[in-house]
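Today I'm going through the aromatic rings in this one.

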Amino acid sequence: MSQAITFSEYGAPEVLRLSEVSTPEPGPGQVRIRVRAASVNPLDIKIRSGLMAEAAPARFPVVPGLDAAGVVDAVGEGADAAVGDEVLGAAVGGSYGEYALLDRPVAKPQALSWEVAASLVTVGETASRVLRQLGAKEGQTLLVHGAGGSVGTVAVQLAAARGITVVGTAGEHDIERVTALGATAVRYGDGWVERVKAAAPQGVDVVFDASGAGVLADSVALTGDSARVITIADMAAAQHGVRFSAGGADPADDSLAQLVRLAATGELDVPVWRAYPLGQAADAHGDIEARRNRGKVVLLP
């Protein structure tokens, strides 16, 4: 037995409880890690609150969490890691616990902290996937909605490094930080379309919506083609002919290993705002729901 955060009903952060659970056993190709850090993602909150209940009903009790970093302590047959290896990756069956299972572990360099290692997984793979789906190329102009958020922050850096001109919408408190990442930052809210046009008189080629703030109709108008807009946060995407990009396991995708190398060498910044003890998962969820965080929130078992 070991400890993990669980919830047995949908609701507010207070439904999260520190519980005794059966320690997971790795199956073929899997590794079990002793978790050193687990990242908290907005999707965790949507699942806990019941917003995803219709699309993906929960089987209670649920151990939440998508990402983890830690030390391998057990391996399944054919696993691509050994006991004692320091790794990170997407968790199978939840990551908010003392132990987690990983299908595709990626080696963690010594230069990468546990907190950053856990924080990089979902946001990094999401940003990389959407840029690939948009087909953004050197010389084009990309508009990132929610450039101050965790996914937007990574997307801005990856795009700017590829020679793409980036315009990013952000809150007033994030303007300076988004600018430092390599984007022309503009304040979101009423009048954002005019501010984007002023910042990009050459026009906008593609749009990455990481905000879900009801910007799709105007984004399609800016590009002139709904195929040039992708969202990861607006469930009304289909109404605008816009693609909703959701994650999924792809064994051929090696983007996480590439992102790890960039983060380890300082070429990619993944800001961590606060780390909480595992038992304070409810506080971590509350911070994100209240939009208090300015970077990733992690749990430390």
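**Ring notes**

I looked for a cluster first, and ring pairs link Phe7, Tyr10 and Phe60 into one. I'm keeping in mind that this is a predicted model.

How many aromatic pairs does the structure hold? I found 2.

I took Phe7 and Phe60 to start with: their rings are edge-to-face, with 6.0 Å centre to centre and 70 degrees between the planes. I then checked where they sit in the chain. Phe7 is in the loop between strand E1 (2–6) and strand E2 (17–21), while Phe60 is in the loop between helix H1 (42–49) and strand E4 (67–75). That puts them 53 residues apart, so I noted that the pair links distant parts of the chain.

Are these two buried or exposed? Phe7 has 1% relative accessibility, so I wrote it down as buried. Phe60 has a relative accessible area of 37%, so I put partly exposed for Phe60.

Next I looked up Tyr10 and Phe60, which also form an edge-to-face pair: 5.1 Å centre to centre, 70 degrees between the planes. Tyr10 is in the loop between E1 and E2, and Phe60 is in the loop between H1 and E4, 50 residues apart. I have Tyr10 as partly exposed because its relative accessible area is 29%, and the cut-off for buried is under 20%.

Last, I checked for charges over rings. I saw Arg32 over the face of Tyr99, 5.3 Å from the ring centre. I also found the charged end of Arg274 over the ring of Trp273, at 4.3 Å from its centre.

Terms used
Residues numbered from 1 in each chain as written. Predicted model: local features only at pLDDT ≥ 70, side-chain atom pairs only at ≥ 80, totals over all residues. Heavy atoms only, no water. Phe/Tyr/Trp six-rings, centres within 6.5 Å; stacked < 30°, edge-to-face > 60°. Helix = DSSP H or I, 4+ residues; strand = E, 2+ residues; numbered from the N terminus. Buried < 20%, exposed > 50% of the residue type's maximum accessible area, 1.4 Å probe, protein only. Lys NZ or Arg CZ within 6 Å of the ring centre and 35° of its normal.
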